[in-house]
Amino acid sequence: MKTIGIIGGGQLGLMLAQEARRLGLRTVALDPAADAPAFAACDGRIVAAYDDAAALEELCRQSDAVTYEFENVPGEVLVPLVEKYNIPQGFRPLYDSQDRLREKENARACGFATPDYAAVDDERSLREAAARLGYPCVLKTRTLGYDGHGQAVLRSDSDLAKALPLLAVPCILEAFVDFDFEASLVMVCDGVRTITFPIGRNVHRDGILDLCFVPAEGLAPGLEERMRQTGERFMQACGYTGILAVELFVKGDRFWFNEMAPRPHNSGHWTLEGCTTNQYRELARFLAGMPLEEPRLAAPTVMKNILGRDLDAARRLAAQTHEGVYVHLYGKRESRPLRKMGHVTFVGCDAAEYAARWAERFA
Ligand code: AMP
């Protein structure tokens, strides 16, 4: 029986472990928290820091293939392991995604349009870049930003002063895209073939993904196909294998790369029930060397992220029976208003029905 090693034990690791088990695979996860969600579903657990080289090596020794569900694994520890053990995605997609400047340069070089951007390191380069890109624009730290942390929208010269604290670390200034909506491409490539999950419309709230609607109603004709083709060519041009999620801004019949993550993605949770196969299962199949399965939409689906503020509503929903409603709670002990605690999938539901029937249950 093959064993998959997972660096990181959050909800993405939990769902990967659950799907791996359905395929007859074992899993072992490494996470610094003894009560990490994934440990509940894994066959083995290693409680250690992400930069604990000996613990990571132990994870690799116990595994036939290793993956990561946590983006900031440092290269110093991963690179030596990639040379010695089977880590099929390698370090490259992580490296490319760990710095927003490098990430956008790579995206452009490999076929995606991106918003205009400039590297900024101090007040002078910020002023110059803002003059070139115009307002509004978005200042982001180049590394370690997520869910809107480490960024600020600048609307005029008078916002420059309050953005200066971000410049304690290298930043990137981006033109603001007045998008119609956001979308993500979730792809798995085995080196020859790339499968792409149906594209949905993502809605963010407080900088965090709140809702996904699949299919994305109102997508311009032919746009989904162009997104898929651009994504597939990107995987090939970069030489990436395994899973990759690319977040896009969409306006009319155009789309721009925003960021990417070489791991299962929050916007792909809906595939567990709304699709003929799901992102975790296909990643596990890739890792185990099994052939990939082409995903197809099973029914229109809505995914609602459950943050701490929605937890009571989700628990009430879980205690009821509603056809096509699937409540996932990740078992995190400590709830905070903006912490991801679970998600709910509404299968056979579209945006209008969600608004009429379910939206008011949540804060
Ligand atoms: P990010 O961490 O880059 O994904 O940014 C978090 C959210 O901020 C995105 O999902 C968008 O809603 C918004 N955002 C980020 N960059 C831009 C941009 N260049 N133009 C417009 N909105 C943006």
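User: Where is Pro 136 found?

Analyst: Pro 136 sits in the loop between α6 (123-133) and β6 (137-141). Those labels come from DSSP runs numbered from the N terminus: helices are H or I with at least four residues, strands are E with at least two. This is a predicted model, in which local features need pLDDT of at least 70, side-chain atom pairs count only at pLDDT 80 or more, and totals for chains, interfaces and linings use all residues. Residues are numbered from 1 along each chain as its sequence is written, and side-chain values use heavy atoms, with hydrogens and water left out.

User: What makes the peptide bond between Tyr 135 and Pro 136 stand out?

Analyst: The bond is cis, with omega about -10°. Pro 215 lies in the loop between β12 (208-214) and α8 (223-238). As background, most peptide bonds are trans.

User: Why is helix α10 called largely enclosed?

Analyst: Count its residues. Eight of the nine in α10 (residues 279-287) are buried, so the rest of the structure largely encloses the helix. Buried means under 20% relative accessible area, exposed means over 50%, and partly exposed is in between (1.4 Å probe, protein chains only). The buried residues are Gln 279, Tyr 280, Glu 282, Leu 283, Ala 284, Arg 285, Phe 286 and Leu 287.

User: Are Cys 42 and Cys 60 buried or exposed?

Analyst: Cys 42 has a relative accessible area of 12%, so it is buried. Cys 60, at 3%, is buried too.

User: Why is Asp 99 called buried?

Analyst: Its relative accessible area is 8%, so it falls under the buried limit. Asp 99 lies in the loop between α4 (92-97) and α5 (100-109). Leaving out residues up to four places away in sequence, Asp 99 touches Arg 142 and Thr 143. Contact here means heavy atoms within 4.5 Å.

User: What makes Glu 19 and Arg 22 a salt bridge?

Analyst: Their closest N and O atoms are 2.3 Å apart. A salt bridge requires a side-chain nitrogen of Lys or Arg within 4 Å of a carboxyl oxygen of Asp or Glu, so the pair qualifies. Both residues lie in helix α1 (residues 11-22), three residues apart, about one turn of the helix. An α-helix has 3.6 residues a turn, so residues three or four places apart point the same way. Glu 19 is buried at 6%, whereas Arg 22 is exposed at 59%.

User: Why does the pair Asp 312 and Arg 315 count as a salt bridge?

Analyst: The closest N and O atoms are 3.9 Å apart, so the pair is within the limit. Asp 312 and Arg 315 share helix α11 (residues 311-318), three residues apart. Arg 315 is partly exposed, at 48%.

User: What does the salt bridge of Arg 193 and Glu 294 link?

Analyst: This pair has its closest N and O atoms 3.3 Å apart. It links distant parts of the chain, 101 residues apart: Arg 193 is in the loop between β9 (181-189) and β10 (194-196), and Glu 294 is in the loop between α10 and β15 (301-307). Arg 193 is partly exposed at 33%, and Glu 294 is partly exposed at 38%.

User: How many salt bridges does the structure hold?

Analyst: The structure holds 25. Lys 104, Lys 140 and Glu 174 are linked in a network of them.
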